[in-house]
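Student: I would like a close look at one part of this model, taken slowly and with the terms spelled out.

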Amino acid sequence: NVLILDFGSQYTQLIARRVRELNIFCEIKPYNHLPEDLSEYKAVILSGSPFSVRAEDAPHPDLSQIRGKKPLLGVCYGAQYLAHFNGGSVEGSNTREYGRAKLSYVKENEPFFDKISIGSQVWMSHADSIKELPENTTRLASTHDVENAAYKFNGEDSYAIQFHPEVYHTTDGKQLLENFLVHIAGVAQTWTPDAFVETTVTELKRKIGQDKVILGLSGGVDSTVAAILLHKAIGKHLHCIFVNNGLLRKNEFEDVLHQYKDMGLNVKGVDASARFLDALAGESDPEKKRKAIGRVFIEVFDDESHLVEDAKWLAQGTIYPDVIESVSATGGPSATIKSHHNVGGLPDFMKLNVVEPLRMLFKDEVRRVGASMGIDKTLLGRHPFPGPGLAIRILGDITPEKVAILQEVDAIFINGLKEWGLYDKVWQAGAMLLPVNSVGVMGDERTYEKCVALRAVESTDGMTADWVNLPYEFLQKTSNDIINKVKGVNRVVYDISSKPPATIEWE
Ligand code: XMP
């Protein structure tokens, strides 16, 4: 196990993902929540930070239990911190050093830089520079602009690098982390999907025993993988509930329910479409639509969970990015623990014990775990789909007719992407039904019908996104199909806005 001490860098999660890609387990902790017992950690990495080490309010944790006692790697701020507090000097540089650079010097026969040579590209992102190294250190690498790009403390396994090994643009970043963690710190590479499944299933069996567990399936990757893991551990004691809110894609409810049953899951499909559509009738405010859907979902889920007698646990597909305590801009860890003041007012299922088998996994790891358990590729590779479904893709108020139109349009678009081999190249795609009618002609008739917008984006996490340059021939064919086949639509547009400033959904 490796500890990553977070000083608030936007890249901290990336460090963790790179380490995990080496099949090494790691955890992120805020710098001011250093675990009391460090015995289980084989190595420690200090992250970057938006702070300057010279600032009074910058993170200045006590590393006396770590430095010289465990292999230590300081990255960017981490490297500056180790320099500043050990007699080196860190100063503001005249220009911010940001972007690509190439190593112009690498110390020979240095295990830390094994298989990494002069000329290797690294990614810099810092305003301060280490002007002088502390005593008893050795410079290990330089770039043209940054003399002290890497150094080590003599006689101990403490290393520091000014550049970011975790970003994709640092070509040998993964090699460097491997050199440090595997060859210097001797950490075992045993964190594999198979090993995760084995230990998690054993742990779930021990924790849950013969109790009954309730889990809400959404058709998405996380809830599905969580369900399969629990199913392996407790079989039929896992009671899955899959709710049709009437706002899913065309045939999605039936298809996915079928797939779940084929996987052997004990799943109940609940068609509550009418309840959701009733609650939404006449509502056109996006946030009120979301709230109504959330409220009805809780009601339906509560009703259904009561039908499972003696349930003791509620399983959730929470993943690691949702549970990492973040370092806030003011330096303190932000409060992530929500307190339920009004426990009496909670729906009953929320009073169950919570079990979250994926809470230590990143999204890409969830997919790998799913694949290692034999979950179908098409299910694991599905685009993200928002909880409120088509409700936030129908601008304005929602009627069953509008839902039916959008389901048809969406199906033509998504099936087309699959047929043209484009589906996996797109991070998310969907169609929006706009609250405008426009004039058209069909045959000799003048029409006055709906307009739909198609949206396809590339992204890694949904936080930023860019529209996808879909082939004109594909757009042409799709537009034709939609207008010819979907009654009520006479115009199709393609959304060419990136996020920011636009969002992925239109509501
Ligand atoms: P935006 O539109 O904010 O979307 O750029 C970013 C990602 O979040 C999804 N999304 C939602 N997911 N409930 C959800 O479960 C919501 O209310 C919601 N709104 C947006 C969106 O599909 C995209 O993947």
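Which residues does Val221 touch, not counting residues up to four places away in sequence?

Tutor: This is a predicted model, in which local features need pLDDT of at least 70 and side-chain atom pairs count only at pLDDT 80 or more, while totals for chains, interfaces and linings use all residues. Residues are numbered from 1 along each chain as its sequence is written.

Leaving aside residues up to four places away in sequence, Val221 touches Val366, Arg367, Gly370, Leu380 and Arg382, where contact requires C-beta atoms, placed from the backbone, to lie within 7 Å. Val221 lies in helix α5, helices being DSSP runs of H or I with at least four residues and strands runs of E with at least two, numbered from the N terminus. Val221 counts as buried because 21 other C-beta atoms lie within 10 Å; the term buried asks for 20 or more such atoms, exposed for 12 or fewer, and partly exposed for a count in between. Ser218, by contrast, is found in the loop between β10 (212-217) and α5 (221-234), and is partly exposed because it has 16 C-beta neighbours inside 10 Å.

As for the wider setting, the domain assignment, which is automatic or from a database, gives domain 1 (2-184), domain 2 (193-380) and domain 3 (399-494). Five residues of domain 2 are in contact with six residues of domain 3.

Key
Contact = placed C-beta atoms within 7 Å.
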